[in-house]
Amino acid sequence: MGADGGDANLRNIAGAPDARTLEDACEGFHRRFPKLSAKKVLSWPQLAVLVVLGAALGWAIIQHPMLTWRIAGLAAFVLFAASILWRLFAAASLEPLPRKLFTPKPGEAWPIYTVLCPLHGEANVVFDLVAALKRIDYPSDAVDFVLLVEADDPDTIAAALAAAGGNVDVVIVPVALPRTKPKALNVGLQRARGEYLVVYDAEDRPHPAQLRAAVAAFRAGDDDLACLQAPLVIDNAGASWISSQFAAEYAIQFREILPLLARLKLPLPLGGTSNHFRVDRLRALHGWDPYNVTEDADLGYRLARAGWRADVIAPPTWEEAPITLGAWLKQRVRWIKGHMQTWLILMRDPFGAAREMGPRAFASMHLVLGGGVAAALLHGPLAITILIAAIAPFNLLGLAGFILALFGYSVAVLGALTASALSGDLRHTRASLTMPLYWPLATIAGLWALWQLITRPHFWAKTKHGVSQRARLPSFARVAPQRNADAQQVA
């Protein structure tokens, strides 16, 4: 692996996009689909509805404070009850993920695969990323790796050129607004030559068998299967309390919640990496919305609106979690802000979205996406209410509320236990014991996200990688499996 010197590295600089191509990557989606674009936060009808609801709530608080409190409490009770029951169902209805690997028949060609890796401020992890890409078990002439680097990031450009070679190309993305990951991905999509495409982040270590598992799933799936999500696994869970909580959260999300949605053929709020696409479907949707700061979740629901679905595969991608509260908050603020953007877009024309997605998928969207945002905003007030009820003689919670809180914690522990069984990481079980201390942090992030949605809707808070010691991967993750390996090896 590596380069044969400076001239060899320069040969791996792909042609920079011309002005028209760059403009299309930045503004093409909004120009074609203004009603689906996050460039504008609120439509005028939505703004009018929010003003009316805000005025009505203010009047109710002034005129009927106790009744308003009871109604708000009932609404919160229903929301949390639905979310808890959904998580209980996910934790109790586990099935193995698809493990079949693709091997071409005699005379059959390997399908071309494009791997897009957007990088910004990642000079310290580029070599590790390229090393991980080179371990992927796929013929080098059938896969092209594309490192997408911003033009004003000389350190990452230098590192990428030093690491590039063979089938690893470097695309220099000219500086242009918005400064977001999906903008860079749109540049990469325009030059993709593969039948399939996957996105990896700078800190990712994909399982060597992941591309072969994706091809096998696509070939076995129906024509409506447009996307596959690989599970994301945190490999620095022991670095701090924050990273251990993050790892448990990821284990529940990618081992339980998303597989359940896939089995029920409901839309998946995709993770930001290890999404595998049929390129023709992705181009039919005109790629990613460069103004949405959770372009992954947005794309998952746009797939559903187009009549396509997403599924999951077994070989994971190992990732690095934030290890400090400050880094966690920056990332979580962006995620919640993006989920707010996506929900508001879907609610610009709720009847049209429900008709396109179907009523089941539309209801699921509210529970998974809208409910997640609402829960983030309510965790803090709920924690304060429980604390006051515990230390003061005020019956703020009530018996039903107390039972719900206890039940919710029990379901969280159950989810962590089953996630531990699936991933083999007992730290998820230990992390569950202090989850109630983690949840209220989401309210801080949620309020910050709401403020940014108003003041800086398209600001992308960058997560710094390569800041902690990461666990040594299992031997099957470091060494590419043989092409005739048993599918069980990818578990």
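Buried here means under 20% relative accessible area, exposed means over 50%, and partly exposed is in between (1.4 Å probe, protein chains only). This is a predicted model, so local features need pLDDT of at least 70 and side-chain atom pairs count only at pLDDT 80 or more, while totals for chains, interfaces and linings use all residues. Residues are numbered from 1 along each chain as its sequence is written, and side-chain values use heavy atoms, with hydrogens and water left out.

**View 1. Asp 298 sits buried in helix α11.** With a relative accessible area of 3%, Asp 298 counts as buried. Its helix, α11, covers residues 295-305; helices (H or I, at least four residues) and strands (E, at least two) are DSSP runs, numbered from the N terminus. Leaving aside residues up to four places away in sequence, Asp 298 touches Leu 36, Asp 289, Asn 292, Thr 342 and Ile 345. A contact means heavy atoms within 4.5 Å.

**View 2. The whole protein, for orientation.** The protein has 19 helices and 10 strands. For 491 residues, a compact globule would have a radius of gyration near 23 Å, and the protein agrees with its 23 Å. That radius is taken over C-alpha atoms, and the globule rule is 2.2 Å times the number of residues to the power 0.38. Along the principal axes, the C-alpha atoms fill a box of roughly 75 × 45 × 40 Å. Buried residues make up 53% of the 491. Of the contacts with a separation of 6 or more, 82% are between residues 24 or more positions apart. The accessible surface is about 21,600 Å², and carbon and sulfur atoms own 65% of that; the areas come from the Shrake-Rupley method with a 1.4 Å probe, and for residues only the protein chains shown count as cover.

**View 3. Strand β2 is covered on both faces.** In a regular strand the side chains alternate between the two faces of the sheet. From β2 (residues 143-150), Val 143, Phe 145, Leu 147 and Val 149 point one way, Asp 144, Val 146, Leu 148 and Glu 150 point the other way, and all are buried. Strand β1 (residues 113-119) pairs with β2 in the parallel sense over 7 bridges, with Pro 118 and Leu 148 as bridge partners. Two strands pair if DSSP finds at least two bridges between them.

**View 4. Next to β2 comes its parallel partner β3.** The two strands run parallel and are joined by 6 bridges, one of the partners of Leu 148 being Val 171 in β3. In β3 (residues 168-173), 6 of 6 residues are buried: Val 168, Val 170 and Ile 172 lie on one side, with Asp 169, Val 171 and Val 173 on the other.

View 5. The open sheet has the order β5-β10-β7. At its edges are β5 (205-206) and β7 (232-234), each pairing on one side only. Parallel pairing over 3 bridges links β7 to β10 (residues 317-319), where Val 233 stands opposite Trp 318. Helix α9 (residues 241-263) lies across β7 and β10, running at about 160° to β7. Axes are lines fitted to C-alpha atoms, for helices over the stretch in contact, and angles run from 0 to 180 degrees between N-to-C directions.

**View 6. Helices α13 and α14 cross.** The axes of α13 (residues 350-357) and α14 (residues 359-391) come within 6 Å and cross at roughly 120°. That makes α13 oblique to α14: under 35 degrees counts as roughly parallel, over 145 as roughly antiparallel, 65 to 115 as roughly perpendicular and the rest as oblique. Pro 350, Ala 353, Ala 354 and Met 357 of α13 make the contact with Pro 359, Ala 361, Phe 362 and Met 365 of α14.
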